[in-house]
Each structure stands twice: as structure tokens, then as C-alpha cells.
Amino acid sequence: MRDYKNVKVPRRDRSARNRVTVKRAVVRRAAPRQGVATGQIKTVMVALLAAVVIAAGSWLGWQAYRTVMRAELFQIAGVDVRGVKQLDEGELKKIAGAFTGENIFRVDLDAAVRRAQANPWIKSVSISRSLPNRVSMVVTERTPHAFLETVAGRFLIDSEGVVIERYAKETAGAWPLPTIAIRDCRVRFGEQASAEALGEALKLLSEIAGHGGWRLEDVYIRANTPESLAIVYADHEFKIGSTRYAEKLRRLSEVMADVKQRDLQVAYVDLRSDRQVAVLSKNASSKSKTVKSRGKKS
């Protein structure tokens, strides 16, 4: 049997893959492993420490909260009210009286706003805390605009038709206001009166106030329907109807100037037609007269 260990291979027959490559490898010693028990103890200690910190923080927070809630410094000493003209002392106490002695941080401001808005006189209200121990309340009241006369009685209303309060004879002199009469009208305090013609009557009243020459407290508007809208003033009746109030009031001024010049006693003037104005005289010898409206084709 031939021994191949000492057989030499010629260089030309040698393969590059047969060459031996030597590389230097650096091997470091591994750190000694911690014991399982030591790692578990550290984890438990960290968890316990965190729990102690959280508990201590919670306890301190609770004590601080109790101190603030009981501190006399933060007990409400009074309410600063602005914008009130019509509300009396009793009504103010119902709204603001609940604040006195309460802690300023615990008082329910939203409930106070709802309580205030339940009063028909109050249109809007803003309530805020004024540290350390006061509450600020800014009120916008409704302004009486007219009397509303219905089968249920007579009421004060504002410019939006919201019912404020029932008419009282003892306070009637304080309100020199015009009257809007609507036979069928649903009335609830703090809400807009429900009647089809009320909106039109308020528009007409606004035009009358802006037109000038009218004594507003003597103006009486019948408004059972928009089409039958009429003004009763100085023993005269002016049938207005709906829409174009500025134009109709201008035409009425022209007619009344002509009537005064002729020294006629007028029963009523009908301005509901676009084409002409009808005038009924009270003079025994006079008959109703129809006057063509200026600027209109007959």
C-alpha cells in the first residue's frame, strides 16, 4: 500500500482553495453571570420603592386638597354683581345667595348660570371665580319694549317678543310703552310669545319709533293676523296690513297733512292697497274718499 503523506504536488497543480489562511481572533473573557436571586431582589426593591413614592404623593395630595377645601381663605365672602337694574334684592338672593360660605373651588358655576337664566328678566349672564374668595356675575337684562295684550291678560315683552312679567297697575307709570293687542296668543314667561302676527307688529313698531312724530305710549297696534295689522292712535285707525311699513308710514304722513289742511275728521285710513289710499271721514256731510297713492299707477 502506497503512503501519500509525503507525496509532493507540483506548484502548477496546486489549487488556491487548498491554501490555508490564518486569522487572528481576539477572545474576551465573559463577565461572570449574576445570580438569579440577586436580580429578582433588585426588581422587587424597585417596585416597592415606586409604590412607596406613589402612596406618599397621593397622601400628600389628598392632605393638600383637604386643606384647600377647608381653608377659610377660599370660603366665598361675597358676590360682585354688574348690569342689574330691574332685579330686586329677593331675586338676586335666589341667584347669588347659594354662593355665600361655599368653597370657591367647589361651587357649581354652571348650575348658578342655569338658575339665573330661569329668571325672565335675565337675557344672558356670565359667572366666574375671582380668587381668593369672591364670585363675579355680569348680567344683561331684558329691556321692556311694549305691552302685549291678550285674552290671558297684559304682559311686558322685549324687542324679541319674549314675555318678561305680567302687567301691574302699580308699576304701569314706570313703563310709557306702546301696546300690541293679539287676541289668541300663547304666553310663557321667559319665552317668545307664540303668535303669527307678533313679529310683523314688532317690525311696524320699530318703523314707527324710527319715523318720529309719534307719542309711543299712545300707540295701540291690533295684530290678530298680519293682514289685519292696524294702528289706533289719537282716535284714528290706520289700517296698515303687512310689509312695506316705511313706505306706508310715509304715505300716511302725506294723507294726514292733506286731511289737516281740509279740516276733516278722519275715522280711518286704509293703506293696505299698493295703488290707493282709502280715507273715511267722520264729517256728517262727508263720504268716504279714495286717494290715489303718489308714485303709483291707478
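Does T243 count as buried, partly exposed or exposed, and at what relative accessibility is it placed in its class? At 38% relative accessibility, T243 counts as partly exposed, where buried means under 20% relative accessible area, exposed means over 50%, and partly exposed lies in between, as found with a 1.4 Å probe on protein chains only. This is a predicted model, in which local features need pLDDT of at least 70 and side-chain atom pairs count only at pLDDT 80 or more, while totals for chains, interfaces and linings use all residues. Residues are numbered from 1 along each chain as its sequence is written, and side-chain values use heavy atoms, with hydrogens and water left out.

The protein chain has five helices and 13 strands, the helices being DSSP runs of H or I with at least four residues and the strands runs of E with at least two, numbered from the N terminus. Of its 298 residues, 29% count as buried. Among contacts between residues at least 6 apart in sequence, 50% join residues at least 24 apart, a contact being heavy atoms within 4.5 Å.

The largest nonpolar core has 35 residues; such a core is a set of buried Ala, Val, Leu, Ile, Met, Phe, Trp, Tyr and Cys residues joined through side-chain atoms within 4.5 Å. The residues with the most contacts inside this core are I180, W214, I221, I231 and V269. At least two core residues come from each of several elements, among them strand 4 (146-150), strand 5 (153-157), strand 11 (266-270) and strand 12 (276-281), and helix 4 gives the largest share, six residues. A second, separate core of 25 residues includes I76, L109, V113 and V135. In soluble globular proteins, nonpolar side chains tend to be buried together.

Leaving aside residues up to four places away in sequence, V269 touches E237, F238, K239, L252, V255, M256, V277, A278 and V279. T179 is found in strand 7 (residues 179-181) and is buried, with a relative accessible area of 3%.

Helix 4 (residues 198-211) and helix 5 (residues 245-262) have axes that come within 9 Å and cross at roughly 50°, the axes being lines fitted to C-alpha atoms over the stretch in contact, with angles that run from 0 to 180 degrees between N-to-C directions. The two helices are therefore oblique to each other, since angles under 35 degrees count as roughly parallel, over 145 as roughly antiparallel, 65 to 115 as roughly perpendicular and the rest as oblique. On the helix 4 side, E200, K203, L204, E207, I208 and H211 meet Y245, A246, L249, R250 and S253 of helix 5.

Some backbone features lie in the loops. Most residues other than glycine have a negative phi, and most peptide bonds are trans. The peptide bond from L131 to P132 is cis, with omega near 10°, and P132 lies in the loop between strand 2 (122-130) and strand 3 (134-141). D235 has a positive phi, near 65°, and is not a glycine; D235 lies in the loop between strand 9 (230-233) and strand 10 (236-239) and, at 67% relative accessibility, counts as exposed. T243, also not a glycine, has a positive phi of about 70°, and its place is in the loop between strand 10 and helix 5.
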